[in-house]
Structure formats: structure tokens, C-alpha cells
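This report is intended for a reader who meets this structure for the first time. Please look over the sequence and the model before reading on.

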Amino acid sequence: MTSTEGDKLLLRGLMFHGYHGVHQEEKKLGQKFIIDIDAWMDLRAPGQSDNMSDTVSYTDIYRIAKHIVEGPSKNLLESVAQLIATTTLNNLSRITAVRVVVKKPHVAVSGPLDYLGVEIMRYRTIDMPL
């Protein structure tokens with residue numbers, strides 16, 4: 001079984017105001033960012049025990065995303081996503097892989113769209129070697 005098969009925690013539609021982008025207006029005024037996170041881990045033990053100490057709290061993952069998106073400005077969404085992924089893997093040892101989607105709904109593009117964004121996958125075994 002690979003790291004992205006099986007059980008995972010889901011966080012969808014997290015909304016934060018951040019100051020990321022390459023344009024000066026983005027860094028000064030900020031804008032809304034929408035984050036989706038999948039965090040792979042074995043959920044058998046918490047499923048059987050019904051005990052919070054056997055799992056990872058959604059709140060811990062949420063706080064990581066909030067801290068990064070509302071934190072210091074980055075030029076690229078890729079950098080925001082990378083920081084969320086690596087911080088999650090660094091801080092939460094039960095997570096074996098993480099998928100992070102960063103959506104930017106308000107962009108200067110002529111034409112209708114819901115959002116532009118990035119999606120990354122990071123694996124503890126590949127991206128966080130001991």
C-alpha cells in the first residue's frame with residue numbers, strides 16, 4: 001500500500017485572508033485564499049478506540065494552514081502550499097503524506113473562473129528523510 005491509499009483526514013474550503021502574490025497590490029491589500037488538505041494516516045486505532053489520543057486533531061492541521069496563509073507574504077502559491085505541507089509533516093508525525101490545494105479566487109484574468117491555484121503532494125518517506 002502506498003502512502004496515498006487508505007485512510008485520510010479531510011479539510012475542505014478553509015478560508016483565510018493573506019498577502020501572497022507577485023504584484024504589489026496583492027502584498028499590500030491582501031485577498032482571500034481557499035485551502036483544501038488531505039492528510040493520510042492509519043485511522044484504524046482511533047476508529048476502534050474512539051479516543052482522541054489515537055488520532056490527529058483537524059484543529060492542529062487547520063492552525064498550521066491559518067498560521068502560514070495569514071503569515072509572512074510569499075510570491076508564489078507553490079511556496080505557500082509547500083510550507084503548509086512540510087510544516088504538517090514536521091509537526092504531526094502520524095501523517096504519512098499530505099495533499100495541499102491553494103486556491104486564489106480573485107485573480108486579474110480576463111474571463112470567468114472560479115479560481116486559479118496549485119495542488120501539491122508531499123510524502124514523509126520522500127520529502128522528509130531522517
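## Model and annotated region

The structure is a predicted model. A record in UniProt, from an unreviewed entry, places the feature "domain: Dihydroneopterin aldolase/epimerase" at residues 9-122. In the model, the end C-alpha atoms of residues 9-122 lie 15 Å apart.

## The nonpolar core

The largest nonpolar core contains 29 residues. Those with the most contacts inside this core are Ile35, Ile37, Ile61, Ile84, Val100 and Val102. At least two core residues come from each of strand 1, strand 2, helix 3 (58-69), helix 4 (77-91), strand 3 and strand 4. Helix 4 provides the largest share, six residues.

Valine 102 illustrates how such a residue is surrounded. Leaving aside neighbours within four places in sequence, valine 102 is in contact with Phe33, Ile34 and Ile35, with Leu77, Val80 and Ala81, and with Leu116, Gly117 and Val118.

## Helix 4

Helix 4 consists of 15 residues. From its first C-alpha to its last it reaches 21 Å, close to the 21 Å expected at 1.5 Å a residue.

The buried residues of helix 4 are Leu77, Val80, Ala81, Ile84, Ala85, Thr86, Thr87, Thr88 and Leu89. An α-helix has 3.6 residues a turn, so residues three or four places apart point the same way. The buried residues of helix 4 pack against strand 2, helix 3, strand 3, strand 4 and helix 5 (124-127).

The model has nine salt bridges. One of these joins the side chains of aspartate 38 and arginine 12, at 2.6 Å from N to O. This pair links distant parts of the chain, since aspartate 38 belongs to strand 2 (residues 31-40) and arginine 12 to strand 1 (residues 8-18), 26 residues apart. Aspartate 38 is buried because its relative accessible area, 2%, falls under the 20% limit. Arginine 12, with a relative accessible area of 43%, is partly exposed.

A salt bridge also forms between the side chains of aspartate 36 and lysine 103, at 2.9 Å from N to O. Aspartate 36 lies in strand 2 and lysine 103 in strand 3 (residues 97-104), so this pair ties together parts that are 67 residues apart in sequence. Both partners are buried: aspartate 36 has a relative accessibility of 9%, and lysine 103 has a relative accessible area of 14%.

Which residue meets the side chain of arginine 99 in a salt bridge at 3.5 Å? The partner is glutamate 119. Arginine 99 lies in strand 3 and glutamate 119 in strand 4 (residues 116-123), so the pair ties together parts 20 residues apart in sequence. Arginine 99 is buried, with a relative accessible area of 13%, whereas glutamate 119 counts as exposed at 54% relative accessibility. Through shared partners, salt bridges join Lys8, Arg12, Asp38, Arg99 and Glu119 into one network.

Not counting residues up to four places away in sequence, arginine 99 touches Arg12, Asp36, Ile37, Asp38, Trp40, Glu119, Ile120 and Met121.

Notes: Residues numbered from 1 in each chain as written. Predicted model: local features only at pLDDT ≥ 70, side-chain atom pairs only at ≥ 80, totals over all residues. Heavy atoms only, no water. Salt bridge = Lys/Arg side-chain N within 4 Å of Asp/Glu carboxyl O. Helix = DSSP H or I, 4+ residues; strand = E, 2+ residues; numbered from the N terminus. Buried < 20%, exposed > 50% of the residue type's maximum accessible area, 1.4 Å probe, protein only. Core = buried A, V, L, I, M, F, W, Y, C linked by side-chain atoms within 4.5 Å. Contact = heavy atoms within 4.5 Å. UniProt positions renumbered as here; feature names shortened; annotations may be inferred. Expected span 1.5 Å × (residues − 1).
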